[in-house]
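Welcome, and thanks for taking a look at this one. Please open the model and keep the sequence beside it while you read.

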Amino acid sequence: AGFRGYNEREFRDQWAEAAPWIDEELLAFAGAQGFGRNGTKVRWARAGDEDEIVAVNKVNPRYLSTDYHASIQAKNDFILVAERGGHVVGFVQYYFQHFTPKPS
């Protein structure tokens with residue numbers, strides 16, 4: 001089996017929407033505590049970051065810019081990027097999926 005590529009429908013068709021759990025206040029708190037002393041800032045990914053995210057993704061080369069573009073806009077799919085000197089130098093992507101058991 002394994003990874004079969006990003007499927008936007010898996011997120012779009014979900015019946016529930018989750019909150020990202022990490023908000024701007026938490027990111028600001030982390031910065032105030034010294035996170036990112038080397039000039040690294042953590043922020044939410046936005047349209048235009050896709051190519052730089054692809055460039056730093058060394059784990060899954062199957063993800064394309066179009067996949068990240070869809071992720072940035074999808075509900076329940078969240079991407080935080082580490083930015084230094086105006087460039088993305090790292091990222092973390094997480095998502096929530098709600099599953100309803102099939103009737104037996």
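What follows is a short briefing on the sheet, the cores, the aromatic pairs and the salt bridges.

This is a predicted model, in which local features need pLDDT of at least 70 and side-chain atom pairs count only at pLDDT 80 or more, while totals for chains, interfaces and linings use all residues. Residues are numbered from 1 along each chain as its sequence is written, and side-chain values use heavy atoms, with hydrogens and water left out. Two salt bridges and four aromatic pairs turn up in the structure.

**The sheet**

- Helices (H or I, at least four residues) and strands (E, at least two) are DSSP runs, numbered from the N terminus; two strands pair if DSSP finds at least two bridges between them.
- A hairpin is formed by S2 and S3, with two residues between them; Gly 85 in the turn has a positive phi of about 60 degrees.

**Nonpolar cores**

- A nonpolar core is a set of buried Ala, Val, Leu, Ile, Met, Phe, Trp, Tyr and Cys residues joined through side-chain atoms within 4.5 Å. Buried means under 20% relative accessible area, exposed over 50%, and partly exposed in between (1.4 Å probe, protein chains only).
- The largest nonpolar core has seven residues, namely Ala 45, Ile 53, Tyr 63, Tyr 68, Ile 79, Val 81 and Val 88.
- Val 81, leaving aside its neighbours within four places in sequence, is in contact with residues including Trp 44, Ala 45, Asp 49, Ile 53, Val 88 and Phe 91, where contact means heavy atoms within 4.5 Å.
- A second, separate core has five residues, among them Trp 44, Phe 78, Leu 80 and Tyr 94.

**Aromatic pairs**

- Rings of Phe, Tyr and Trp (its six-membered ring) pair if their centres lie within 6.5 Å; planes under 30 degrees apart count as stacked, over 60 as edge-to-face and the rest as tilted.
- What kind of pair do the rings of Tyr 68 and Phe 91 make? Their centres are 5.6 Å apart and their planes stand at 80 degrees, so the pair is edge-to-face.
- This pair links distant parts of the chain, with Tyr 68 in helix H4 and Phe 91 in strand S3, 23 residues apart. Tyr 68 is buried, at a relative accessible area of 1%, whereas Phe 91 is partly exposed at 26%.
- The rings of Phe 78 and Tyr 94 have centres 5.2 Å apart and planes at 35 degrees, so this pair is tilted. Phe 78 is in strand S2 and Tyr 94 in strand S3, so the pair ties together parts 16 residues apart in sequence.
- Phe 78 is buried at 11% relative accessibility, and Tyr 94 is buried at 19%.
- One aromatic cluster is formed by Trp 44, Phe 78 and Tyr 94.

**Salt bridges**

- A salt bridge is a side-chain nitrogen of Lys or Arg within 4 Å of a carboxyl oxygen of Asp or Glu.
- Arg 43 and Asp 49 meet in a salt bridge at 2.8 Å, N to O, and both residues are buried.
- Arg 43 also forms a salt bridge with Glu 83, the closest N and O atoms being 3.0 Å apart. This pair joins distant parts of the chain, Arg 43 in strand S1 and Glu 83 in strand S2, 40 residues apart.
- Glu 83 is buried, as is Arg 43, and Arg 43, Asp 49 and Glu 83 are linked in a network of salt bridges.
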